Amino acid sequence: MAAPMENMNRLVKKKEEIEADIQALFEVLKSQKGVGMKEPLVDKDGFPRNDIDIHTVRTARHDINCLQNDHLAIMTEIEEELYKIHEVARANNPQRETMDTTDASMSVEMKERLSPFLEVNKVDDGSPASTAQLQEGDKILQFGSITAQNFKSLQDIASVVQHSKGKPFTLTVSRSNTDLRLSLTPNTWSGKGLLGCNIVPLKKS
C-alpha cells in the first residue's frame with residue numbers, strides 16, 4: 001500500500017504546483033491592464049495595443065493553456081491511482097468485495113440518472129473555477145454531493161462551497177454532449193467569492 005500512496009502524494013503535490021503556476025500566470029495577465037485570456041490585443045483601429053506587453057501576454061496565455069492541459073492529465077492520473085489504491089485495499093480485505101460490487105452498481109445506476117440542473121454562464125480568468133477548467137455554457141450534472149434529485153436552491157451550492165474551502169471536490173459537467181469530471185477547489189483569490197464563476201439553475205422544461 002505504501003507505493004501507491006507515495007505515488008498519490010507525488011501526484012497531488014504536482015497538481016498543487018500546476019495550480020500555483022496557473023495562478024501566477026493569471027497574475028501576470030492581471031498586471032497587463034487586466035488582460036485575460038480572450039481580450040483583443042489590437043486597438044479599435046486594428047493596430048497592436050501599445051499599453052501592454054503583447055509578447056508577455058501571448059506567452060502567459062500559451063503557458064496557461066499548456067498547464068491547464070497538464071492539470072487535466074494529472075487529474076486523470078490521480079483518478080487512476082485512487083482506483084489502484086482501492087483495488088489493493090479490496091485485495092487485502094476480500095470481505096468487502098460484495099459491498100464494493102454493490103457500490104459500483106449503485107454508482108453506474110446513479111450516473112445513468114444524472115441530468116443537468118445548473119448552468120455556468122460566466123467564468124472569471126484566474127479564478128478557482130478557471131483553474132478547474134470550468135467553462136461558460138457547461139451544464140452541471142453533479143456538484144459535490146448535489147444532483148438534480150436533491151437540489152432545492154442555490155443555497156445548497158453555497159453550502160457545499162463554504163464547507164469545501166481549500167478542499168477539492170468532484171464536479172461533473174456536460175459539455176458538447178460529453179460528460180467531464182473536474183476537480184474544483186473553492187478558495188479566496190484576487191476576485192469575488194470562492195469560485196469566480198456564476199452558476200444559475202436550469203429552467204425546468
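Q: What does "buried" mean here?
A: Buried means under 20% relative accessible area, exposed means over 50%, and partly exposed lies in between, for a 1.4 Å probe and protein chains only. This is a predicted model, in which local features need pLDDT of at least 70, side-chain atom pairs count only at pLDDT 80 or more, and totals for chains, interfaces and linings use all residues. Residues are numbered from 1 along each chain as its sequence is written, and side-chain values use heavy atoms, with hydrogens and water left out.

Q: Is G36 buried or exposed?
A: G36 is buried, because its relative accessible area is 3%.

Q: And where is G36 found?
A: G36 lies in the loop between α1 (2-31) and α2 (54-92). Helices (H or I, at least four residues) and strands (E, at least two) are DSSP runs, numbered from the N terminus.

Q: Which residues is G36 in contact with?
A: Apart from neighbours within four places in sequence, G36 is in contact with L29, R61 and D125; contact means heavy atoms within 4.5 Å. G36 and G126 are 90 residues apart in sequence, and their C-alpha atoms are 8.2 Å apart in space.

Q: What about Q32, buried or exposed?
A: Q32 counts as buried, at 16% relative accessibility. Q32 is also placed in the loop between α1 and α2, and its contacts beyond four places in sequence are I52, D53, T56 and V57.

Q: Changing topic, how many bridges join β4 to β5?
A: Seven bridges join β4 (residues 169-175) to β5 (residues 178-184), and the two strands run antiparallel. Two strands pair if DSSP finds at least two bridges between them.

Q: Which residue in β5 is the bridge partner of L171?
A: The bridge partner of L171 is L182.
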